[in-house]
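Subject: Structure for your review

Hello,

Here is the structure I said I would pass on. My notes on it follow below.

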Amino acid sequence: MTATVADVMVATLKASGVRRVYGLPGDSLNGFTDALRRDGEITWEHVRHEEAAGFAAAAEAALTGELAVCAGSCGPGNLHLINGLFDANRSRVPVLAIAAHIPREEIGDGYFQETHPDRLFVECSVYCELVSVPEQLPRVLEMAMRAALARGGVAVVVVPGEVFLADAPSHPDPVAIRATSPVVRPDEQSLAAAAQVLNNASAVTIMAGAGCAGAHDQLLALAGALKAPVVHAFRGKEWVEYDNPYDVGMTGLIGFSSGYRAMEHCDALVMLGTDFPYRPFLPDRVPVVQVDVRGEQIGKRVQVQVPLVGTVKDTVDALLPLLEPKADSGHLHRMTAHYRRARAGLDKLAADKRNASPLHPQYVAATIDKLGAADAIFTVDVGTPCIWVARYVRMNGTRRLIGSFSHGSMANALPQAIGAQATYPGRQVVALSGDGGLAMLLGELLTLRQLQLPVKIVVFNNGALSFVELEMKAGGIPTYGTDLVDPDFAGIARSAGLFGVRVEKASELDDALRAAFTHNGPALVDVRTARQELALPPKLTYEQIKGFTLYATRTVLSGEGSELIELTKTNLRDLEVE
Ligand SMILES: Cc1ncc(C[n+]2csc(CCOP(=O)(O)OP(=O)(O)O)c2C)c(N)n1
Ligand SMILES: [Mg+2]
């Protein structure tokens, strides 16, 4: 049999180290899936909703730094990929999406299932092209793969169904297209300017993000020379927080006070590989040195005195010899002392004092931290689970943490766990899910069973879209439209062939988690958590206090005063409230 265009695709992917493709088949994709079947080396990771394929590929790419691949059939099939692809692209991880298309001669006539993927995916990709003739394919595919890897993002190759099946154009052996790690550092003049700013300052703070991956030594050396406390953005947590005597925690909407304080009290700021988006949490009127390998990222959030274009690792290596090590560690000591106090306060909230029922989510997260493997991969749903993970699940340089940190989509944790577990079958993968998030892609429980992925899901089941309720409270809006009438998720898990257990009381949690974590297969622990748990941001603005007062008043006036009593009971733990 003559090789088809799809065979060339499979050969190129294989030569480039691709081991699996996440997706869901369809007529227009048959040429490709059949080529995978005939080849037999790349596995087909069959999900139940294409969005999960996008998230799974994004997680794999985030974990390995290498290209991950997903595929969808024409029209609605690949349209379902879109939210996962937005997440991958915004997290700047290399994902190739193969989007099958309707027959070429029908494009533009409103044909069955017609969409225009080459237009649709432009906004969530760094490269997006339609392959109109078979001869185009080998080169378009290679360009797409290189774009995804070199620019960090999604590349979409749109292929009409019959093109997959066409005879392959004559083509030399496929080349391996892999991730590279170039050395990128700023010019001498910029480095000298940065050194001057930092040498003149007496209270430098570092804000560190995901760009610090692979640069832990450099981060610590820089903080040591500058006697600088290190604040991190959420995506930086896994690279920054561990073994770090300069760590003062997070700032931002889900951060805590010490991170905010360290930004507020600095007289110069160094931003290292971060696109932290919340401007009110960044200091104004202090000189800023910002390091980013993508020059266009610099100065987006705050006015920057000295832009340094380079990787964090290479830039800090080049900058360090120009810095005069600081002798005064007053700023550092004040900030780390504040952090220790803030940390102690947070730890107190996680203590299991009263055999609580429903459970305090802080306690659930702290117990997952305690019982989770030293090399666990955690995925966390957007919603309040992010708050609890940020505060209570500790990183150690080996553990990994994946979320929808830039795109902020719900329902990410389960499909990301699918990608993580498919990539690392031997590692413990724990998804911390919201009840809203889990329900949104609930069908993926079936994927765990079908692909025999031993993912452990812990559901923070608070019966509500709780994060939105927090936002409503801060905005002075009575709670509305956020109730969730949930089923017994543990029962659903069991009927889908998973291990499932429900936890109603704090005293049951340890045993349930241990049983799930040691179970030889997928498992779900459904934990009833308090709905009215407050998570105060580090900086309470006048507007927020006003908003909360307004919420309380309006809630009482609308006859829902019992909600306020529940809120008080949940949050005033040392008081006996009847
Ligand atoms: C796809 C999507 N829809 C809506 C939102 C807005 N949103 C952010 S958090 C959240 C609530 C999540 O609820 P749940 O998963 O139950 O977690 P909880 O906050 O209750 O712990 C919502 C609706 C979003 N981020 N993504
Ligand atoms: Mg919820």
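Lys227 sits in the loop between α10 and β8. Please keep in mind throughout that this is a predicted model. Directly after α10, the backbone at Lys227 has a positive phi of about 50°, and Lys227 is a residue other than glycine. Most residues other than glycine have a negative phi. With a relative accessible area of 23%, Lys227 is partly exposed.

Helix α12 (residues 257–264) has its own buried residues, namely Ser258, Gly259, Tyr260, Ala262 and Met263. Among the elements that cover them are the strands β7 (204–208), β8 (230–232), β9 (247–250) and β10 (268–272), along with helix α14 (330–350).

Two other backbone details are worth a look. Arg92 is not a glycine, yet has a positive phi of about 60°. Arg92 is found in the loop between α5 (82–90) and β4 (95–101), and counts as partly exposed at 29% relative accessibility. The other detail is a cis peptide bond between Ser357 and Pro358, with omega at about 0°. Pro358 belongs to the loop between α14 and α15 (361–371).

Next, the metal site. Which residues coordinate the magnesium ion (ligand 2)? The donors are Asp435 (OD), Asn462 (OD1) and Ala464 (O), at 2.0 to 2.1 Å. Along the chain, they follow the spacing D-x26-N-x1-A. Asp435 lies in helix α18 (residues 435–440), while Asn462 is in the loop between β16 (456–461) and α20 (466–474), so the pair ties together parts that are 27 residues apart in sequence. Asp435 and Asn462 are both buried.

On the cysteines: the structure holds 0 disulfides.

The largest nonpolar core has 59 residues, and the members that touch the most others are Leu269, Ile368 and Phe378. Helix α16 (residues 384–392) gives the most to this core, with 6 residues. Setting aside neighbours within four places in sequence, Ile368 is in contact with Phe378, Val430, Leu432, Val458, Phe460 and Leu513. There is also a second, separate core of 48 residues, which includes Val93, Val95, Leu414 and Leu498.

His49 is located in the loop between β2 (43–46) and α3 (50–64). His49 and Gly443 are 394 residues apart in sequence, but their C-alpha atoms are 7.5 Å apart in space. Beyond neighbours within four places in sequence, His49 is in contact with Leu24, His80, Leu441 and Glu444. Is His49 buried, exposed or partly exposed? His49 is partly exposed, with a relative accessible area of 22%.

Finally, the protein as a whole. Its secondary structure comes to 24 helices and 18 strands. For 578 residues, a compact globule would have a radius of gyration near 25 Å, and the 25 Å of this protein agrees with that. Along the principal axes, the C-alpha atoms fill a box of roughly 75 × 65 × 45 Å. Of the 578 residues, 57% count as buried. Among contacts with a separation of 6 or more, 74% are between residues 24 or more positions apart. The protein exposes about 23200 Å², and carbon and sulfur atoms supply 53% of that area.

Regards

Terms used: Residues numbered from 1 in each chain as written. Chains lettered and ligands numbered in written order. Predicted model: local features only at pLDDT ≥ 70, side-chain atom pairs only at ≥ 80, totals over all residues. Heavy atoms only, no water. Disulfide = S-S within 2.5 Å. Buried < 20%, exposed > 50% of the residue type's maximum accessible area, 1.4 Å probe, protein only. Helix = DSSP H or I, 4+ residues; strand = E, 2+ residues; numbered from the N terminus. Contact = heavy atoms within 4.5 Å. Donors = N, O, S within 2.8 Å, 3.2 Å for Na, K, Ca; no water. Core = buried A, V, L, I, M, F, W, Y, C linked by side-chain atoms within 4.5 Å. Rg over C-alpha atoms; globule rule 2.2 N^0.38 Å. Areas by Shrake-Rupley, 256 points an atom, 1.4 Å probe, with all protein chains shown as cover.
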